[in-house]
Amino acid sequence: MKYWKLITFTLILLAIATRFAGIEWGLPYPMHPDERNMVIAVNQLSCPSFPSPDCLNPHFYAYGQFPLYLSYFMSQLQHALHIPISTASVTLTLRFISAIASLLTIYIQYQIVHRLFKLSYLQRVLALLSFIFVPVMIQLGHFGTTESLLMFFTSILTLWGIELVQGSLRLKSFMKKTAIVMGLALGTKVSALSLGVIPVLAIMISYKHDKRERRALTYALSMVYFMMLTALVFLISSPHNLINYQDFINSIRYESSVGLGSYKAFYTRSFEYTLPVVFQFFRVFPYALGWPLFSLSLLGFVFLPWNRTNLLLRGSVIILFLSQAFIYAKWTRFLAPVYPILIVLGVCLFLQLITRLRYQVIALVACIFMIIPGVAYLSIYTTPDVRFQASEWVYKNMPVDSKILAETANVVDVPIPAPYMEKGLYDGKQYDYISFNFYDMHMVPELQDELDYHVSTADYVMIPSRRVFANSTCYRFGTGKDAGRVWEDELKQGYIMDRCARLQADYPQVNEYYDELFAADSDFKLVAEFTSYPRLTIFGKTIWEMPDEQAEETWTVFDHPVVRVYQRTE
């Protein structure tokens with residue numbers, strides 16, 4: 001194709017733009033709690049003496065040290081170039097790492113389908129577009145956390161596993177390369193141990209079709225070599241897991257108790273009374289992948305040829321998904337290793353289908369439907385952060401010293417001075433802001449009296465996110481007239497059937513509060529609502545919008561929560 005190089009270059013620029021556009025979102029405020037914790041860990045890294053147990057000790061073990069060290073050394077390079085280091089700059093280094101990892105994942109995914117298909121130039125373009133515009137890839141590429149790295153490691157292990165199964169990669173080379181990647185993955189997050197299923201499955205499949213003599217001994221020795229090299233790379237990339245072993249184990253115990261639900265933290269309440277598998281199929285995958293690609297992924301899982309390569313893909317998806325599906329905390333990020341393989345399955349089926357289409361225009365139209373969710377998701381990072389929009393409204397419309405009743409535990413309380421805010425709008429305006437603890441009302445009776453007082457004296461009520469009302473009551477998500485309506489058929493989409501009754505019994509005070517707030521004769525009325533749903537906009541006019549507040553909580557609350565403001569009517 002005459003213009004293939006130009007098209008490829010354009011697609012590369014497009015991919016870069018999708019990962020770096022709005023990468024400074026939310027700054028200088030720590031909108032994402034995991035990001036904030038990693039930034040704190042990086043900022044406290046130092047090495048006053050070497051060797052020393054405290055040399056480069058992050059004092060933070062929820063994640064491994066590999067991404068922390070990457071960010072630290074990038075920050076030190078900035079310092080050497082006389083560029084000031086700040087919390088915001090460290091946040092950007094972490095996001096830069098995620099963005100680069102996401103771009104590399106696109107490249108690896110393209111290499112996978114290129115190995116599986118003899119692609120025409122049109123198919124290459126459509127495949128790249130499909131990989132570029134996946135909502136979860138765009139979101140996690142903008143988060144300075146570990147998930148983009150884990151998706152990259154998943155993709156590279158999958159590519160090498162396919163090469164081993166197909167016979168284009170020798171066992172010794174496969175073991176060496178995958179051991180290094182597995183070690184780095186474990187150095188990023190210990191739960192990446194589950195990624196070991198990919199090389200193990202690849203070895204088992206290739207072993208079954210290996211006709212060489214003495215193959216059992218060869219494979220056994222290779223596995224020993226693989227485990228030893230993996231352990232070595234893991235310890236090098238995350239040494240304080242061993243040096244400060246007890247701190248590491250204590251952190252693992254805490255994170256495990258939260259994930260398994262033996263300890264119910266306030267930020268896991270959204271998983272009360274959820275149905276495993278069903279919850280992910282209705283509240284995670286459709287938003288993370290977009291309905292078109294998710295549907296193709298499911299169909300690809302079933303209808304793609306049942307050969308050795310696809311057996312590796314299917315087996316990896318099943319085991320990686322089931323290892324997370326039945327635990328208590330069903331966070332979107334926990335399925336990071338599953339997404340790259342599901343995406344490949346969906347794109348593979350799409351490429352097979354378009355080879356049977358008579359007209360290329362139909363293939364282009366089908367691709368447009370696949371990428372619309374990802375294109376729309378970019379709007380979140382190309383428009384002002386929704387909390388800045390809400391803050392600007394507050395400073396413009398609320399009288400100084402107004403009493404605002406809000407909810408605690410949202411990382412950053414609104415209002416906050418926005419970086420772009422017009423001169424003179426803020427000027428140190430102060431409000432009587434009550435960040436109330438709704439989470440413990442069922443355990444601390446005194447909080448009910450406090451709440452009654454605050455409600456009776458508040459000028460405004462602010463709901464800064466869905467975290468309290470969506471997780472403690474049975475009111476549905478929505479905007480405008482839909483906000484505050486009771487759930488109906490949605491009960492079947494990821495929750496047990498008597499969830500409403502249980503929530504009312506568990507959290508009676510919170511339910512009573514929202515009953516009164518959302519009632520038609522309430523003392524407060526909705527006067528402002530700020531959303532940043534994924535949307536397509538042309539010439540300033542929204543032509544399509546995807547309300548996604550009903551997705552798994554962390555899909556929205558970090559980068560685009562819905563902020564609602566109620567004003568006293570009396």
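Visitor: How do the residues of the lining of the largest pocket divide into nonpolar, polar and charged?

Guide: Rolling a probe the size of a water molecule over the atoms shows where empty space is left. In this predicted model, the lining of the largest pocket comprises 26 nonpolar, 10 polar and six charged residues. A pocket is an open set of points on a 1 Å grid over the protein atoms alone where a 1.4 Å probe fits, with protein on both sides within 12 Å along at least five of seven lines; lining residues have an atom within 4 Å of a point. Local features need pLDDT of at least 70, and side-chain atom pairs count only at pLDDT 80 or more, whereas totals for linings use all residues.

Visitor: Which residues lie nearest the centre of the largest pocket, and which element gives the most to its lining?

Guide: Lys189, Glu255, Trp331, Arg333 and Phe334 lie nearest the centre. Helix H12 gives the most, with eight residues.

Visitor: Which members of the largest nonpolar core touch the most other members?

Guide: In soluble globular proteins, nonpolar side chains tend to be buried together. A nonpolar core is a set of buried Ala, Val, Leu, Ile, Met, Phe, Trp, Tyr and Cys residues joined through side-chain atoms within 4.5 Å. Here Leu289 and Tyr339 touch the most other members, out of 135 residues.

Visitor: Is Thr332 buried or exposed?

Guide: Thr332 counts as buried because its relative accessibility is 5%, where buried means under 20% relative accessible area and exposed over 50% (1.4 Å probe, protein chains only). Beyond four places in sequence, the contacts of Thr332 (heavy atoms within 4.5 Å) include Tyr339 and Trp555.

Notes
Residues are numbered from 1 along each chain as its sequence is written. Side-chain values use heavy atoms; hydrogens and water are left out. Helices (H or I, at least four residues) and strands (E, at least two) are DSSP runs, numbered from the N terminus. Ala, Val, Leu, Ile, Met, Phe, Trp, Tyr, Cys and Pro count as nonpolar, Asp, Glu, Lys and Arg as charged, and the others, Gly among them, as polar.
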